[in-house]
Amino acid sequence: MSTTAESKKAEVPIGNLVDDDKSAISFAEDLLAASMQHVSTKGGIEWKEIAKVEKVPIEVTVANVTGHRGPLQDPSNSNPLVRASIPLYGISVEEMYKFLISKEGYMFIDPDADPDDFGRALMGPYEWKERSEGSNISVEYSSLKMPCPLSNRDYVVLNAFDKTSRSFLSASCYSPSVSKTASPYDEAPQSSAGCCSGPVRVAFYGAYSVGEAEAAQSSEEECCVLKVVQYVDINGWTMSSLNKHANVFWFKTFIKRAQERYPSKKENQE
């Protein structure tokens, strides 16, 4: 558990209005600042360990949803922010970042996603000139098929790729000029969340940052660490507890999938 004498809540920017390059860059800057607090062990946020998978702790904290328009389906902010730091072996920091922002990396994060949604820009891409060359921002659409009786879900998110911090940042945004579908930031009509109808718009925040592993200096293996933070509100007529369950379940399966793909040869030999 990470604690401080005066811990603060984790601010999660969701739902900012994005209608041009300036507002896109502004929202990306908010996401970057928030993500740096979320992945840090010195961010002043109190985290509680709730599970451990393959020796990797999964931690949660209270999420203080900010942004221009937060999800109304969770006014008490009962959905937690979840994080984990996953050591990966046999791959460098640069190689992992390149993989993370590729189509293959997109499917690695979410195998249930539609691969055709990758790079489907509704707005942009815009060059993120304030960061390193190759950093860019776009507003994109993606969808997720759900088992009946749950309605399918979809997302309109701002995706930002920051080469400086080697981070992929993604968060729901409000872009009425490119999507007229009912937003999670408005009260959705009951008909949009009925049995196998929809889709229902998800409120989402995710930060995926690649860095040097602490063991890299002493290890004979090439390694890096993937720090992941997520908040999700699947909206519709679902119990709020389902949000936490779905998010934590994703972390448990993702940690196993990541370490199976990038295992430590040393541990396998022991």
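This is a predicted model: local features need pLDDT of at least 70, side-chain atom pairs count only at pLDDT 80 or more; totals for chains, interfaces and linings use all residues.
1. Searching the whole structure turns up 10 aromatic pairs. In one of them, the ring centres of phenylalanine 168 and tyrosine 208 lie 5.5 Å apart with the planes at 25°, so the pair counts as stacked; the cut-off for that label is under 30 degrees. The two partners come from distant parts of the chain, 40 residues apart: phenylalanine 168 belongs to strand β9 (residues 167–174) and tyrosine 208 to strand β11 (residues 203–211).

2. Phenylalanine 168 also turns up among the neighbours of asparagine 159, a residue of strand β8 (residues 153–162). Is asparagine 159 buried or exposed? With a relative accessibility of 5%, asparagine 159 is buried, because the limit for that class is under 20%.

3. Which side chain does the side chain of asparagine 159 meet in a polar contact? The partner is glutamate 140, at 3.2 Å. Leaving aside residues up to four places away in sequence, asparagine 159 touches Asn136, Ile137, Ser138 and Glu140, together with Phe168, Leu169 and Ser170.

4. Elsewhere, do have a look at the aromatic cluster. Ring pairs join Phe99, Phe108, Trp250, Phe251, Phe254 and Tyr262.

5. The charged end of arginine 257 sits over the phenylalanine 108 ring, 5.8 Å from the ring centre. Arginine 261 likewise lies over the face of phenylalanine 108, with a distance of 5.7 Å to the ring centre.

6. Helix α4 (residues 240–261) includes serine 241. Serine 241 has a relative accessible area of 46%, so it falls in the partly exposed class, which lies between the 20% and 50% limits. Its C-alpha is 9.9 Å from that of proline 80, although 161 residues separate serine 241 and proline 80 in sequence.

7. Finally, glycine 90 sits in the loop that runs between β5 (80–89) and α2 (93–100). At 60% relative accessible area, glycine 90 is exposed, because that class begins over 50%. How far apart are the C-alpha atoms of glycine 90 and proline 263? The separation is 7.4 Å, for residues 173 positions apart along the chain.

Note on methods
Residues are numbered from 1 along each chain as its sequence is written. Side-chain values use heavy atoms; hydrogens and water are left out. Helices (H or I, at least four residues) and strands (E, at least two) are DSSP runs, numbered from the N terminus. Buried means under 20% relative accessible area, exposed over 50%, partly exposed in between (1.4 Å probe, protein chains only). A polar contact is a pair of N or O atoms within 3.5 Å; within protein, one must be able to donate a hydrogen and the other to accept it, and residues adjacent in sequence count only if both atoms are side-chain atoms. Contact means heavy atoms within 4.5 Å. Rings of Phe, Tyr and Trp (its six-membered ring) pair if their centres lie within 6.5 Å; planes under 30 degrees apart count as stacked, over 60 as edge-to-face and the rest as tilted. A charge sits over a ring if NZ of Lys or CZ of Arg is within 6 Å of the ring centre and within 35 degrees of the ring normal.
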